Amino acid sequence: MALPQLVETVLSSPKYATIEPGLVYRLGAEELGKRRSLKAAVKATKDRLHQVAGAYLERRPDYLRWLQRLRSAAQDGGLEALKPLCRELLAQHTSSRERLPYLPEFYAQTLGGLPPVRSVLDLACGLNPLAIPWMPLAQGATYRACDIYTDLVAFLSQALPLLGVAGDAYPCDIVAEPAQEPVDVALLLKTLPCLERLERGAGQRLLDALQARYILVSFPARSLGGRQKGMPENYE
């Protein structure tokens, strides 16, 4: 009975209430096998969830309000009208905020030289799909995104059509079940170090499993606090 109790305890916390339950079960089972008490296992599970997800969102987003604003902007002027709002919302997530100063150049340089990109799989996506207006995608492109937050992917599923693509978003634990659908491009933006925190070797297994013609991988250059810690040299 310890594992169901652990999962219930973790998911009862407002910070982790919308985490994909399968991930909590998996991490909880691992921690119960290593800890002497349920309390210690709960704390360890929460710590791991914070490292891979909780640290990146400073406050709980108002997804309903965001969606209303996106719909209003899209009605007023299409993708160009969406760009200022998308920038504002991208700034709410630590990872996507770091790309804002060079957002147009980032996608122009990494995707611009590829053959027409007709399908994208964005793994551990965070708010990155809101950067679609800057991506050089083929007309009629499909875009699938996944993340461990169920409320985030519900928001993205409704936002994607407003961003000019077909597709959906779904909750996932990509360590336990790597996506294997064929796509033109898979995005793994600052994701691999997080996967390694969950399970050593998980990043390489995911890369091996992906059925993508091209994989765009990025790594962090600074800590979440902005400190220089030799990350470029380490990840190179």
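Which way do strand 1 and strand 2 pair, parallel or antiparallel, and over how many bridges? Strand 1, residues 119-122, and strand 2, residues 142-147, pair in the parallel sense, over four bridges. For anyone who wants the rule, two strands pair if DSSP finds at least two bridges between them, and the elements themselves are DSSP runs numbered from the N terminus, with helices being H or I of at least four residues and strands being E of at least two.

Hello everyone, a quick word on the ground rules. What you see is a predicted model, where local features need pLDDT of at least 70 and side-chain atom pairs count only at pLDDT 80 or more, while totals for chains, interfaces and linings use all residues. Residues are numbered from 1 along each chain as its sequence is written, and side-chain values use heavy atoms, with hydrogens and water left out.

Back to the strands, then. Within that pairing, Leu121 stands opposite Arg144 in strand 2. Strand 2 is also joined to strand 3, residues 166-171, by six bridges, and those two run parallel. There, Asp147 stands opposite Pro171 of strand 3. If you follow the chain, strand 2, helix 7 and strand 3 make a right-handed β-α-β unit. Right-handed here means that, with the strands pointing away from the viewer, the path from the first strand over the helix to the second runs clockwise.

Now for the inside of the protein. The largest nonpolar core has 72 residues. A core of this kind is a set of buried Ala, Val, Leu, Ile, Met, Phe, Trp, Tyr and Cys residues joined through side-chain atoms within 4.5 Å. Buried means under 20% relative accessible area, exposed means over 50%, and partly exposed is in between, with a 1.4 Å probe and protein chains only. The residues with the most contacts inside the core are Leu70, Leu123, Leu130, Tyr143 and Phe155. Helix 4 gives the core its largest share, 10 residues.

Take Leu123 as an example. Leaving aside neighbours within four places in sequence, Leu123 is in contact, meaning heavy atoms within 4.5 Å, with Cys146, Ile174, Ala179, Leu187, Leu188, Thr191, Leu206 and Leu210.

Phe155 brings us to the aromatics. Rings of Phe, Tyr and Trp (for Trp, the six-membered ring) pair if their centres lie within 6.5 Å; planes under 30 degrees apart are stacked, over 60 edge-to-face, and the rest tilted. By that rule there are five aromatic pairs. One of them is Trp66 with Phe155, an edge-to-face pair at 5.8 Å centre to centre and 75° between the planes. Trp66 sits in helix 4 (residues 63-90) and Phe155 in helix 7 (residues 150-159), so this pair ties together parts that are 89 residues apart in sequence. Both partners are buried, Trp66 at 9% relative accessibility and Phe155 at 3%. Another pair, Tyr102 with Phe106, is tilted, at 6.3 Å and 55°. Here Tyr102 is partly exposed at 39%, whereas Phe106 is buried at 14%.

Last topic: charges. Side chains of opposite charge can pair when their charged atoms come close. We call it a salt bridge when a side-chain nitrogen of Lys or Arg is within 4 Å of a carboxyl oxygen of Asp or Glu, and the count comes to 15.

Which residues does Arg26 touch, beyond its neighbours within four places in sequence? Asp173, Val175, Ala176, Leu198 and Glu199. Arg26 is in helix 2, residues 21-32, and is buried, with a relative accessible area of 16%. Arg26 forms a salt bridge with Asp173, at 2.7 Å from N to O. Asp173 lies in the loop between strand 3 and strand 4 (183-189) and Arg26 in helix 2, so the pair ties together parts that are 147 residues apart in sequence. Asp173 is buried too, at 11%.

Arg26 also has a salt bridge with Glu30, where the closest N and O atoms are 3.4 Å apart. Those two are separated by about one helical turn, because they are four residues apart in helix 2. Glu30 is partly exposed, at 28%.

Glu31 is buried at 1%, but Lys34 is exposed at 56%. To finish, a network of salt bridges links Arg26, Glu30, Glu31, Lys34, Arg35, Arg48, Asp173, Glu199 and Arg205.
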